[in-house]
Amino acid sequence: MNDRSIRVLEFNKVCEMLAEQAVSRAAKKKALELRPINDRNEIRELQGETADAASVIIQKGTIPIGGINEILPYLSLARKGGTLSPGELLQIKQNLYTARTISNHLKTDVNVSGMIAEYASCITVCKHEEEEIDRCILSEDQIADSASTELRSIRRAMIRKNEELRSKMSSIVQSRDNKEILQDSLITMRQGRYVIPVKQEHKAKVPGIVHDQSSTGATLFIEPQAIVNLNNDMRELQIKEQAEIARILEMLSGMISLQAEGIAANQEILIKLDFAFAKAKLALSMKAIEPELNDEGYIVIKEGRHPLIDRKKVVPMNVSLGKDYDTLVITGPNTGGKTVTLKTVGLMVLMTQSGLHIPAEIGTKMTVFDEVFADIGDEQSIEQSLSTFSSHMKNIVNIVSNAGLDCLVLLDELGAGTDPTEGAALAISVLDYLLGRGAKTIATTHYTELKKYALATANVENGGMEFNVDTLSPTYRLIIGTVGKSNAFEISKKLGLPAELISEAKKLLEQDDIEFEDLISQIAEDKKRAEEEKDEAIRVNIELKKMQEDIEKQRERFEAKKEKIMNRAKEEARDMIREMKEFSDIVFKELRELEKIQDPKARNRKFEEVRKRVKGKSDEYAETLNKKENTNPIKKNELKPGVHVYLVNIDQEGVILTEPDGKGDLTVQVGLMKVGANAKDLQKLKDAPSEKQLRSRYAAMYKEKTANVSSSCDVRGTNVEEATALVDKYIDDAFMAGLKQVTIVHGKGEGILREKLKPLFRKNKHVAEFRPGMFNEGGAGVTVLTLK
């Protein structure tokens, strides 16, 4: 794709918008360097990649790309046996963490397909290596005591030796005998060893090693002989500490070298995922769609919007090319939208062939062009002695030399900048030549000759930009099949030019031109009116069909429901008859048994029992027969907590408390009681609360929840990941509750949890600043946050 077309169509600005959606530096660079391609299969893959990423965002949000560091040089060093620094290892750990979280994100509760699923399956998760680096390294210049048993032992010995040293030095400094010979009662260090400041004239009184002197020479910094051995011991421990740190870093570097190939592959996959989701986020922000690609060489853009114009202001356009005609001549007044239409079509093509979704409606169809040529704007050059016409013609010479089949040509104001008669003739010959070469061309013009050419030539169509003469403003709507007018006379009259001047100007026009313009205007009006009537007829027809379909569906539902009720009634009747027969057999048997009872009282008592059972069964059948049928059950989407309902089976009103389960069972508040019910026995009451009342109720519940947010969050006893999740959620809740200052209680310990939480505080958008706690607030065991 030639660079000039990419520049004049402002595709680079779309790339800048894409780069803003990317997170990593590498993905941003890839976005800025994005260029259209013409391989159909690859374009389909890239379009599918964007669609797959957008699907993930819609389902679960974008992937958690916390940061992708450039670590390939570090991996190369590790593979060669080199030792990585703590900072380099931390960058590798960050990438490992990002890869793991993205892998988890894409493998849980998300329907991932296509290229995104393939990327996710290729991610190498190195949790052990990530945890080891996290356990051993606190920051770029601090190794954790827990990195090894030996390091912990050395540092404890250093603490004890340091206390011994300071105790000895304190006794020397605080001695009465030494007050006169010391410059200050201070203990300081020179070259890593403890020294005391001794006055120059008393240096002989302090045996030891001189390490430094003040700028005036009046003070000597002497290491007393009494602590030389202690300083030596401390120095030996420091050397051991550095050696152990070097061993730990070497061990970690070796561990990384074993996984270097997988980690390097992760780097490339993470960048591809970042770029794919940047495309998806751009598409969603534009409300863009994946265009249908065809191999027949035509485009149909439905409700297309220029991606660089505010979505609230841009007027959507409908345009087609390559199916019914290969050349489209667009006419209309200045500032009527002709150039924007050209750029919109050009950008749609470039975006499609770059794997980007386009801001249009479903049903938009695009094809793949081998080349896009554009001559838009004025590029006259004083240095090269090129006028406006010359600069345009130089570009057109290049276009006619290279354009052909499977090429898109966009020409703005073709033939302008010279004598109108010659310009129009040149423009017609250029369009005719490009048509013969099989190129797809869209050209804008004011020339009447080109309008006539489009009317008289096969495979060429007119398109007019609509203009409202009453308001002197363009509507920016492109109407295919009509001819646009410049409307110079109407605009001039509206602006106040004397009528006699306009009449004189009209006399100067050729009579054929006047008749042609009047005829075109009449055709445009007739077509517009016909289109409106057609649209109205289509709308009425659609509504009638919909009404017929609704009536038919209602009839089918009624018949199905009727049949279901009848079948159920028949089944219940059969069950009742069977049960009554069985019961009657039992009663007759017991009555026969009564004849055998000799005692009249016992016989009467037994007879009364049988009579009561018969009466009870009779009442039961009566209740079954009189049971109410729910003829208007509540709809499934209305079964929500808080909805007022009528319980048909118990003739009571109540309020739904719970969502229904798979069987339709739920809980309803009836007066002071909570009763179980089934959805089929419920009807929605007409005086149910409105949606506004429900929202107000939920708002009150939310207000009550946020009012109870504590001013502190205690994460003592949790690990780093658990604490990070708890603190992150707590900050969100505190911010929503309107708290301005909160306290995070993490405990003192070795300070690991405190240090691990600091990056979260820095990056959280709700945190304005943070500081360690004051003595009365908890000291080093807490961190105080100020929220925005």
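Isoleucine 181 is buried, with a relative accessible area of 5%; buried means under 20% relative accessible area, exposed over 50%, and partly exposed in between, computed with a 1.4 Å probe on protein chains only. The model is predicted, so local features are reported at pLDDT of at least 70 and side-chain atom pairs at pLDDT 80 or more, while totals for chains, interfaces and linings use all residues. Residues are numbered from 1 along each chain as its sequence is written, and side-chain values use heavy atoms, with hydrogens and water left out.

Isoleucine 181 is placed in the loop between helix 9 and strand 3 (188-190). Helices (H or I, at least four residues) and strands (E, at least two) are DSSP runs, numbered from the N terminus. Leaving aside residues up to four places away in sequence, isoleucine 181 touches Pro197, Val198, Lys199, His202, Lys205 and Val206, where contact means heavy atoms within 4.5 Å. Between isoleucine 181 and proline 197 there are 16 residues of sequence separation, and their C-alpha atoms are 8.9 Å apart.

Arginine 190 belongs to strand 3. Its relative accessible area is 23%, and arginine 190 is therefore partly exposed. Residues touched by arginine 190, not counting those up to four places away in sequence, are Val195, His211, Asp212 and Phe221. With histidine 211, arginine 190 has a C-alpha separation of 6.5 Å, although the two are 21 residues apart along the chain.

The protein chain as a whole has 22 helices and 25 strands. Of its 788 residues, 40% are buried. Among contacts in the protein chain with a separation of 6 or more, 66% are between residues 24 or more positions apart.

Packing of helices was examined next. Two packed helices are described by the angle between their axes and the distance between the axes. Axes are lines fitted to C-alpha atoms, for helices over the stretch in contact, and angles run from 0 to 180 degrees between N-to-C directions.

Helix 9 (residues 149-173) and helix 10 (residues 228-258) cross at roughly 160°, and their axes come within 9 Å. Helix 9 is therefore roughly antiparallel to helix 10; angles under 35 degrees count as roughly parallel, over 145 as roughly antiparallel, 65 to 115 as roughly perpendicular and the rest as oblique. The crossing of these two helices is left-handed, a term used if the near helix is turned anticlockwise from the far one by less than a right angle, with right-handed used if clockwise. On the side of helix 9, the residues in contact include Glu150, Leu151, Ile154 and Arg155, and on the side of helix 10 they include Leu230, Asn231, Asp233 and Met234. The contact of helix 9 with helix 10 has 10 nonpolar, three polar and nine charged residues. In this classification, Ala, Val, Leu, Ile, Met, Phe, Trp, Tyr, Cys and Pro count as nonpolar, Asp, Glu, Lys and Arg as charged, and the others, Gly among them, as polar.

Helix 10 also packs with helix 6 (residues 86-107), the axes coming within 11 Å and crossing at roughly 35°. The crossing of helix 6 and helix 10 is left-handed. Pro86, Leu89 and Ile92 of helix 6 make the contact with Leu249, Leu252 and Ile256 of helix 10. By class, the contact of helix 6 with helix 10 has six nonpolar, no polar and no charged residues.

For helix 2 (residues 11-21) and helix 3 (residues 25-32), the axes are 8 Å apart and the angle is about 165°. Helix 2 and helix 3 are therefore roughly antiparallel, and their crossing is right-handed. Cys15, Glu16, Leu18, Ala19 and Glu20 of helix 2 meet Lys28, Ala31 and Leu32 of helix 3. This contact of helix 2 with helix 3 has five nonpolar, no polar and three charged residues.

Two residues other than glycine have a positive phi, as described here for glutamate 303 and asparagine 459. In glutamate 303, phi is near 55°. Glutamate 303 lies in strand 8 (residues 299-304) and is partly exposed, with a relative accessible area of 32%. In asparagine 459, phi is about 70°. Asparagine 459 is found in the loop between helix 15 (448-456) and strand 15 (460-468), and at 33% relative accessibility asparagine 459 is partly exposed.

Zero disulfides are found in a search of the whole structure, a disulfide being a pair of cysteine sulfur atoms within 2.5 Å. Cysteine 122 is partly exposed, at a relative accessible area of 42%, whereas cysteine 126 is buried, at 4%.
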